[in-house]
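Trainee: I would like to go through this model contact by contact. Can we start with the surface and then turn to rings and charges?

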Amino acid sequence: MMILRGGPSPEARGAAEGLNVVTDLLTLGIKPLIGKLIANAKRREYYKNQGDEICAERFRRLNIAEIATSLMLIVSRSNSAVLGRVHGRGVNSAGDGE
């Protein structure tokens, strides 16, 4: 006997999760960053409307930290790619080919 609970099948959930992982990799982490920024902005707005300035400020600072962390990761990835290309082509420390 099969019980339906109204949600997507395990196969559909697995496919959606796989697509999310691939999208995250292809966009270099920009997709999750945007989601986090939107969620933090909504939380900040909620706390501001509730009159809780401390929590509102916390989420404002969290947005800044998320952006800074993402920028550091993007720069780190691009530097790793450049170093990989340099070492892969056999460029020595003098700057000429092998």
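Predicted model: local features only at pLDDT ≥ 70, side-chain atom pairs only at ≥ 80, totals over all residues.

Trainee: Which residues make the nonpolar surface patch, and what is its area?

Mentor: Leu28, Ile30, Ile34, Ile38, Ile67, Leu71 and Ile74 make the patch. Helix 2 (30-49) and helix 3 (53-88) each supply at least two of its residues. The area of the patch is about 600 Å².

Trainee: Take Ile34. Is Ile34 buried, partly exposed or exposed?

Mentor: Ile34 lies in helix 2. Its relative accessible area is 43%. Buried needs under 20%, and exposed needs over 50%. Ile34 is therefore partly exposed.

Trainee: Now the rings. How are the rings of Tyr46 and Tyr47 arranged: stacked, tilted or edge-to-face?

Mentor: The count of aromatic pairs comes to 2. In the pair of Tyr46 and Tyr47, the ring centres are 5.3 Å apart and the planes stand at 70 degrees. Planes over 60 degrees apart count as edge-to-face. So the pair of Tyr46 and Tyr47 is edge-to-face.

Trainee: And how are the rings of Tyr47 and Phe59 arranged?

Mentor: The centres of these two rings, Tyr47 and Phe59, are 5.7 Å apart, with the planes at 5 degrees. The cut-off for stacked is under 30 degrees. So the pair of Tyr47 and Phe59 is stacked.

Trainee: Which parts of the chain does the pair of Tyr47 and Phe59 link?

Mentor: The two residues are 12 apart, and the pair links distant parts of the chain. Ring pairs also join Tyr46, Tyr47 and Phe59 into a cluster. For the pair of Tyr47 and Phe59, the parts are helix 2 for Tyr47 and helix 3 for Phe59.

Trainee: Is Phe59 buried or exposed?

Mentor: Tyr46 has a relative accessible area of 47%, so Tyr46 is partly exposed. Tyr47, at 27%, also counts as partly exposed. Phe59 has 14%, and the limit for buried is under 20%. Phe59 is therefore buried.

Trainee: What separates Glu57 from Arg60 along helix 3?

Mentor: Glu57 and Arg60 form a salt bridge, with the closest N and O atoms 2.6 Å apart. Being 3 residues apart in helix 3, Glu57 and Arg60 are separated by about one helical turn.

Trainee: Which residues do salt bridges with shared partners join into one network?

Mentor: Glu57 also forms a salt bridge with Arg61, the closest N and O atoms being 2.9 Å apart. Those two, Glu57 and Arg61, are 4 residues apart in helix 3. Shared partners join the salt bridges into one network of Glu57, Arg60 and Arg61.

Terms used
Residues numbered from 1 in each chain as written. Heavy atoms only, no water. Patch = residues over 30% accessible without salt bridge, like charges linked within 9 Å, V, L, I, M, F, W, Y side chains within 5 Å. Areas by Shrake-Rupley, 256 points an atom, 1.4 Å probe, with all protein chains shown as cover. Salt bridge = Lys/Arg side-chain N within 4 Å of Asp/Glu carboxyl O. Buried < 20%, exposed > 50% of the residue type's maximum accessible area, 1.4 Å probe, protein only. Phe/Tyr/Trp six-rings, centres within 6.5 Å; stacked < 30°, edge-to-face > 60°.
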